[in-house]
Amino acid sequence: MPTIHAILNQYWGFQQFRPLQEEIIQAALLGKDTLALLPTGGGKSICFQVPILAQEGIGIVISPLIALMKDQVENLHKKGIKALSITSGMGKREIDIALDNAIYGDYKFLYLSPERLLSDLVQERIKQMNVNLIAVDEAHCISQWGYDFRPAYLQIAQLRELLPHVPILALTATATQRVQKDIQERLLFKQEHIFTKSFERKNLAYIVLHHENKLQKLLDIATKVKGTGIVYVRNRRQTQEVAKWLQQQHQSADFYHAGVPMQQRAKKQEDWIANKTRIVVATNAFGMGIDKPDVRFVVHLDLPESLEAYYQEAGRAGRDEQKAYAVLLYTPADKLIAEERLKMAFPSIDEIKQVYQALANYYQLAVGAAEGQSFDFDIVAFCAKSQLSAVVVLSVFKFLEHDGYVAVSDEVYLSARLQVTVSAQYLAQFQDKHPGFEPLLKLMLRSYTGVFDNYVKINENDLAKRNSVTVDIIKQQLEQLDVHGIVSYLPQKNTPQLTFLQARANSNTLKIDTNYLADRKQTHTEKMQAVVQYATSLNQCRSKVLLSYFNEKDLQQCGICDVCLALNTAEITSKELESLQQKLPTLLVQPKTMVVLLSEITWLPEKKKIKGIQLLLDEGVIVLRDELIRLP
């Protein structure tokens, strides 16, 4: 087998590994269970792809995002490496063939969504594979203390029983000490083993701006900072409104969210990567797996859900190690919005049962039916028919999934696929009897190799063009061939999938884990409070606040965040400070927000105001509590 350095050079064109990559790879090759914490853009995929390629056999990669799996499989194909994925939306026969390929087809990578590990078929066939490594991407998803807990990740531990001697390499960009410990326990590590790279980003300036007119401030940033950027907002409607407003201000901008059709999303993303579009306004659906090193700014118009999420999203700026900016725009109203959002994220037991019953009605499922079945799921249509709030429905799904009732995958994009299900001899006889199908069948056999053995991707538009007919005619003929039993035709799919993990139960007898619900609410409350504290702090280096959240010690001032710059550049005289201190008792008869207090200090320049307030906070002359400046 080639050396790991030869593999790195052959497939990636690099002469040497980034910091920690080689150590992580060597640990995997030595068979050690390993948790690797590498910040966003730190090269996590190489850490598991290289050791899998360096050994005989196949590697199993667990990933939560189907789009991410698809991208990685396609990138491996471009390098001439055989890889396949099994995701929601694939039929039983298609999965069966894919698993056969994983066992006998000289493939090096099998990507699985965690939900697929529940399948008896998948588990039985995994036992027959020569697996050399289990890689768990986005490993924080296994911890209920993490910011993106996904109950299906708990099933990964079942691989330990199927493959007891195969090491696990878990990878994530963000995890507190509590989450690190939880990941290792959930994945049944034989002993603790962690590689951690510092989360410090010396080239990234973290800025928090308290400003009521967020759009104007966003425009200021877009005007002053050259290069491409990302603007994160809370919902889909905002992506379109903000992008349109930026366009009206003569900025090159587009919007992106999960509701945009897959092909349009791909085009928007490609235009931004190629610098045809300068700014993308997006929900947090944008950015995962995108490798664009020259992003100069990331702006959050709303509070992120957690500091983990913020660090990962903000960290998409400046991956080329050049100066970049991560800006959070904040007003006191944001805290109230976050608190309201938190309430809606935790439904009552009655709401959970109501949504489950509505699902049963929507798909017309009897009690005891549909175990293991997946259905296309259109949340807009479902909510319209059941008269339920989409926010409530999405929140309920998290708890139904935890308790093993249903799972909802992210949007699935599967090209049209086809396999010939009869022998070549029988196919020839069929063509003789049905000459109307002959042009299509001959064209398919010329265009797609392996069509008798596997499902292959087909392009109906291309077939229609080359046959000089419409796409609708091609699809009708393929459907008719499927009815005749000549082919198995799977049309293109572009929808989320809802899977019933167990037979449909009586909604009145659902067993909901109320302790888990309460624990999750407490965890989310703490995370929200940490974000608010980050946004409202005026005397702590932003970078130090983030790094200490991830348990890093002996931290230095970054020197480039808004707090450090204000402290370093604003010189306030002792006389000015004394004047400010004398006037504060009058100004603070009632506690005030920082924004209001600064607006009332009219006799000092902005930077001196902030400097003076920070110095008086440090000395205990005034205190900041519950986002309000007050006298002690």
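Predicted model: local features only at pLDDT ≥ 70, side-chain atom pairs only at ≥ 80, totals over all residues.

Colleague: How is a pair of aromatic rings described?

Modeller: One gives the distance of the centres and the angle of the planes. Rings of Phe, Tyr and Trp (its six-membered ring) pair if their centres lie within 6.5 Å; planes under 30 degrees apart count as stacked, over 60 as edge-to-face and the rest as tilted. By this rule there are 20 aromatic pairs. In one of them, the ring centres of phenylalanine 199 and tyrosine 311 are 5.3 Å apart and the planes stand at 75 degrees, so this pair is edge-to-face.

Colleague: Which parts of the chain does the pair of phenylalanine 199 and tyrosine 311 tie together?

Modeller: Phenylalanine 199 lies in the loop between β7 (194–196) and β8 (204–210), and tyrosine 311 in helix α12 (residues 307–314), so the pair ties together parts 112 residues apart in sequence. Helices (H or I, at least four residues) and strands (E, at least two) are DSSP runs, numbered from the N terminus.

Colleague: Are phenylalanine 199 and tyrosine 311 buried or exposed?

Modeller: Buried means under 20% relative accessible area, exposed over 50%, and partly exposed in between (1.4 Å probe, protein chains only). Phenylalanine 199 is buried at 2%, and tyrosine 311 is buried at 1%.

Colleague: Which residues do ring pairs link into a cluster?

Modeller: The cluster consists of Tyr356, Tyr362, Tyr363, Phe375, Phe377, Phe382, Phe397, Tyr405 and Phe500.

Colleague: Where does a charged end sit over a ring?

Modeller: The criterion is that NZ of Lys or CZ of Arg is within 6 Å of the ring centre and within 35 degrees of the ring normal. The charged end of arginine 542 sits over the ring of tyrosine 534, 5.6 Å from its centre. Lysine 583 has its charged end over the ring of tryptophan 603, 4.1 Å from the centre.

Colleague: How are two packed helices described?

Modeller: The description uses the angle between their axes and the distance between the axes. Axes are lines fitted to C-alpha atoms, for helices over the stretch in contact, and angles run from 0 to 180 degrees between N-to-C directions. Helix α1 (residues 4–12) packs with helix α3 (residues 44–53) at about 110 degrees, their axes 10 Å apart. That makes α1 roughly perpendicular to α3; angles under 35 degrees count as roughly parallel, over 145 as roughly antiparallel, 65 to 115 as roughly perpendicular and the rest as oblique. Contact (heavy atoms within 4.5 Å) involves residues including Ile4 and Trp12 of α1 and Ile46 and Leu53 of α3.

Colleague: What is the angle between helices α17 and α18?

Modeller: Helix α17 (residues 424–433) and helix α18 (residues 438–447) pack at about 150 degrees with axes 9 Å apart, and they are therefore roughly antiparallel.

Colleague: Which residues other than glycine have a positive phi?

Modeller: Among them is leucine 188, with phi near 55 degrees; leucine 188 lies in the loop between α8 and β7 and is partly exposed at 47% relative accessibility. Glutamine 364 also has a positive phi of about 55 degrees, and this residue is exposed, with a relative accessible area of 74%.

Conventions: Residues numbered from 1 in each chain as written. Heavy atoms only, no water.
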